[in-house]
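Good morning. Please have a look at the model first.

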Amino acid sequence: MWGLDRDGFARCRGCGVNYQPDDEAFHDPDASWPNSPAVTTNGSQPTPDQPPTTRRLVAVRPHLRASLLTVSGLATLPPVRPLIDGLLYRGTPAQLSGPPGSYKSFTSVGMACAVAAGVPFEGHAVPEGGGPVVYVAAEGANGLQARILAWCELTNIDPVDLEGKLYVLPLPVQLGNWMDVADAVEITRELGAVLIVLDTRARCTVGLEENSNTEQGRAIAALETLIHDTDCAALVVHHSGRSGLNPRGANAWDGAVWSDLRLTGDNLHCKLNCFKHKDIPDGCDHEFRLIPHTVSDSLMPEATEAQRQTLVLVAGDGRPDTDDAPSVTSVAEIIRECDGIEGLTRPQIITLAADRGVSRSQAYAAVKTLIERGQVRNVSATRTPRYVASRTTLPVDVGDPE
């Protein structure tokens, strides 16, 4: 019914307001939350032989003067620290939006996995080693296992390393429901999570009018409470309209988020635009592509091959630079045209390159160059590397392209 917040005050989980015991005034939690159980005067649940009574509480908050800062006092504010360099920042709200089919969920899953594992996200550093992540799969968790395990295989991360680091909540956290928000605060604190992902915003704001700045303001306030009470970053995934890049619905979110990330994509290629960061440079674009991957049956022994097929977001579009040496351009074209879903081995690449007049040593060096740039990626789960390097239109059943 109620619990202590980070400052030691009692928080009503019905209405979200802070209170402390006092004989002069009282607060009736049941008045704002009809389904809340009664509590005794000491805050415990009543026993069968103890009649429930209303807890006597009084609202408490510091006077605004306690928060006043002088110009020199501004130096005492902690700087915003990057969680994923250039994309997400600790203790701030962020929004990732894009039209249907632009690979938003693949992008957010990749970010969540990188933060949980403490490894760079496709060229973007995770400076402080990341930490636990809570992924709220508000539209359902079906398919997430394959996406996470495929990311592990392509990143050479043992899935065991994500145990106790990446948690999935297969239902929404309703930002209009203070009980849900209080639960999310408790979970995030208990886990020491540095990131919570709400996928999607629409499913986490059911009952709040999407086009109303007033009602969406309630959701924003709830999210800010979650961030303030846990110091985690919060990433909400949201749809934009089918035409244009503006997030759908009320524009209150546009001003409230610290980072506004906008995604466009199709044909297994996407571009992430940092539309806004509040206090650091923005406006930059980042290219990504989606690699079809089938998770090894040893990781998903009970699943069918179709259930193990998915996509993994990787950096770059796989196209060679315009000033590349002819051998690099030729090898990149070979891999882009011929890799298929399983990829090409290095001997296969060298053999095909010979038909284009590229020597063995040149082909070997070209593969090495493309690997270092991230334009070529090993997708094999065995000791024999198999490389893919470009967007592909090969059909693969990966479910919802979000």
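**The sheet and its helices**

Strand β7 (residues 93–98) pairs with strand β11 (residues 233–239) in the parallel sense, over 6 bridges. Two strands count as paired if DSSP finds at least two bridges between them. Leu96, for example, has Val237 in β11 as its bridge partner. Helices (H or I, at least four residues) and strands (E, at least two) are DSSP runs, numbered from the N terminus.

Some housekeeping. This is a predicted model, where local features need pLDDT of at least 70, side-chain atom pairs count only at pLDDT 80 or more, and totals for chains, interfaces and linings use all residues. Residues are numbered from 1 along each chain as its sequence is written, and side-chain values use heavy atoms, with hydrogens and water left out.

Now the whole sheet. It is open, has 9 strands and mixed pairing, and its order is β9-β8-β10-β11-β7-β12-β13-β14-β15. The edge strands, β9 (166–169) and β15 (309–315), each pair on one side only.

Next, β14 (285–294). This strand pairs with β13 (residues 269–277) in the antiparallel sense over 5 bridges, and Asn273 has Asp285 in β14 as its partner. β14 also pairs with β15, again antiparallel, over 7 bridges. There, the bridge partner of Thr294 is Gln309.

Last, a helix. Helix α3 (residues 144–155) lies across β8 (133–137), β9, β14 and β15, at about 50° to β15. Axes are lines fitted to C-alpha atoms, for helices over the stretch in contact (heavy atoms within 4.5 Å). Angles run from 0 to 180 degrees between N-to-C directions.
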